Each structure stands twice: as structure tokens, then as C-alpha cells.
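Got a minute to look at how two chains pack? Have the model open and follow along.

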Amino acid sequence: MKRIRFDSHLARILLRRGFLLWLGTRVILWLVSGGTFTPIVPLVQTSIILVAVVAALGWIDLRLSREHTLFENLGVSVTLAVALYLAPAAAAETLLLVAVR
Amino acid sequence: MRYLLELDSVGKRFGGNQVLHAASLWATPSAVTYLVGRGGAGKSTMLRIATGAIAADSGYVRFDGTTCFRPRLHRLARRSLFYLPDRDLLSRRMTVRRQLALTRRLLGLSSGGVSETEAADQLGLTELVDRLPGALSEGERRRAELAMALVRNPRCLLADEPFRHLAPTDAEAVAGALRFLARQGCGIVITGHEVTWLFGVADRVTWCTSGTTQYLGTVAEARRHWRFCRDYLGVRPLEANERDLPAAGDLRQAYKDVDHA
């Protein structure tokens, strides 16, 4: 049986998109709050919400771009793709929390 | 007969509309099964049930001898099923070459599929592979999707309306790729309503009508099926002593035969 192995190239693509989504979300949040939301001073609740938002945006991005069928055809589930989208957000938010404390 | 993919007595209701009831479909190795029927007959719904995009209300899906209670495309893909949806498959953010290469890389080197270059050559995409799919026509995108299937070299291919809106030259390239995959041992199910491709590509015919399916046998047998000929083709059925249909692949002859029937 031909097995599909997970590819680091595909992982990098999704991780990069996740990072850009997280960065964009943080910048938009900062702009919308009129600069009162300080991007480098995170709260735990805000971080959790941000990661959830990035995951939701990642899922929407996959659906709108119709890439979910392509990735599934390549053996990559939507759940795994969304996990790769949110991984940079989770890592960055954790790093920020650790750095501030 | 060994079935690669089997949908048995599948039923599906959308709201108050019973789209499918007791519909069945089989894919066998090295054969192209044409699921033919009018628009809205439930052809695409059957393929979507097979790939887990929607759940059936009744019946079951079996792939390679294993019953899939909750079929999922990514799991089936790991077992060498490839699905071409009726809408775009390709990512709009990567060039065709990059997507073909990604498919190849995910498979590893021992896949047995053709290389990206060979697949592009075979489907007349050599000049187009460095473009984004958004810069391609519908026919070119369809050929690029088939090129992915060639690189993937699946054991089972489900293609939803692969000939829709295609120019004859594009359609011939798609038909050639399907025949090539079938020769490699792939079990193929295609849906559609175009009679030309029914005669030109299919080895077996299943008629999707009134929410259920009817297996008609080979193309020649389908052409002698009086109800199919009367209700779908709109021509008189061939008699048993009449000349058989042209060999699969002879599309121009098939055109003439349908026109003259």
C-alpha cells in the first residue's frame, strides 16, 4: 500500500500562514482598540482568545480557498492543517506571556 | 469480482427532499465506471458520501474490503484514493508545478506515479505549469488536476464531472489521462451527463435516476438497455444483432454514432 508521509514543506507553508494570521490579528486588535491594547503586554485570557481566533481564521481560510480538499487528498486532515495554523500563535503568545512575567 | 470502492444501498435526505434511496455504486480495478444521469439526480451526492464530505442516512461505504462507518477523505487518501471535486481542487496560492511537486513529495519517491514533468507533458501543460491556477482557463485547470492524479497514481479515482465545460481538445486530454490511469490498474468512477464521453471513456455504466442507481453493464449493454435509451439518451436501443459500439477511446466515431442514432 502506498503511504503518504507528512511533508515538512507543507508544514512550513501552513506554519507561515498561521504566523501571518496571528501577526495580522494582533495588529488589527491594536488598531481597533485605538492603541490602548498593548501588543507586547498580553493577558492569559486575551492570548487564549487570540489563539482561538487564529484557529477560526485558519479554518475559514482553508474553506474559502478550497484548499481543504487538496490537503485532504494529500492525506492531511483539516484538523491537522488548523493545528498548524494555530501553532505559531500559541507559541508566540506563550513566549510573550513567559517573557513579560 | 473485487471491488475497490463500494457504496451499497445508500440513502440521503436533504430536508424534505429524498435525494438518494438504495443507491449503489462500485469501482473495480482497471476500469472506468461512468455514473451517468441528469443534473440533480444525486451523482455528486454519491461521490461526496463516498469521500465523507456528507454522511449517508443509510447504507454503507466500503473501500478495499473495509467498511468505512465514517469515511474521511484524508484517511481514504492515505489508502490511495484521489477525489476530484466538481469545483476547483488546486490551491490558488501555489503554482501548478509547486502543487505537483508537493503531491510527489508527500508520496515519496517509490510511488510509481509519473513525474511532474511527465504528467504536465501528457496533459499539454508544459508551458503552463509555472502559472497560478487563477491564470488558467477552466479546461487548463481541469487538466492540471488530472496531472495531480497522474502524479498521485491512485488505486481509486473519483472524478466529479471531469468533462463539464471543456473544449473538445481539453476533454480528449482528460479522457486520455483517465484511460492511462485505468491501464495502470486504477479503478475510476466519473460522473457526468455527456453522452460522448460515456461512449468514449467508460468501461461500465451506472445510471443514476429517480434517486437510485441502475447498473447497466458495459457501454454496449447500456446502448441496448431500452429504458436507458428511451428515457436518457432519447434514441432507440440497438438490437442484439446490430453492430456494437466503437471501441472506447474512439471519440470522433462515438460522436458520429450518437448523431446518427
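## Ground rules

This is a predicted model, so local features need pLDDT of at least 70 and side-chain atom pairs count only at pLDDT 80 or more, while totals for chains, interfaces and linings use all residues. Residues are numbered from 1 along each chain as its sequence is written, chains are lettered from A in the order in which they are written, and side-chain values use heavy atoms, leaving out hydrogens and water.

## The cores of chain B

The largest nonpolar core has 72 residues. (A nonpolar core is a set of buried Ala, Val, Leu, Ile, Met, Phe, Trp, Tyr and Cys residues joined through side-chain atoms within 4.5 Å; buried means under 20% relative accessible area with a 1.4 Å probe, protein chains only.) Among the members touching the most others are B:Leu157, B:Phe163 and B:Phe228. Helix α6 of chain B (residues 168-183, a DSSP run of H or I with at least four residues) gives the most to this core, eight residues.

Take B:Phe228: its contacts (heavy atoms within 4.5 Å) include B:Val36, B:Trp207 and B:Leu233, not counting residues up to four places away in sequence. A second, separate core has 27 residues, including B:Ile54 and B:Cys208.

## Where the chains meet

The contact takes 25 residues from chain A and 31 residues from chain B. There are three salt bridges between the two chains (a side-chain nitrogen of Lys or Arg within 4 Å of a carboxyl oxygen of Asp or Glu). A:Arg66 forms a salt bridge with B:Asp88, with the closest N and O atoms 3.9 Å apart. On the side of chain A that touches chain B, α1 (8-32) and α3 (67-73) are the elements that give two or more residues.

Methods:
Buried < 20%, exposed > 50% of the residue type's maximum accessible area, 1.4 Å probe, protein only.
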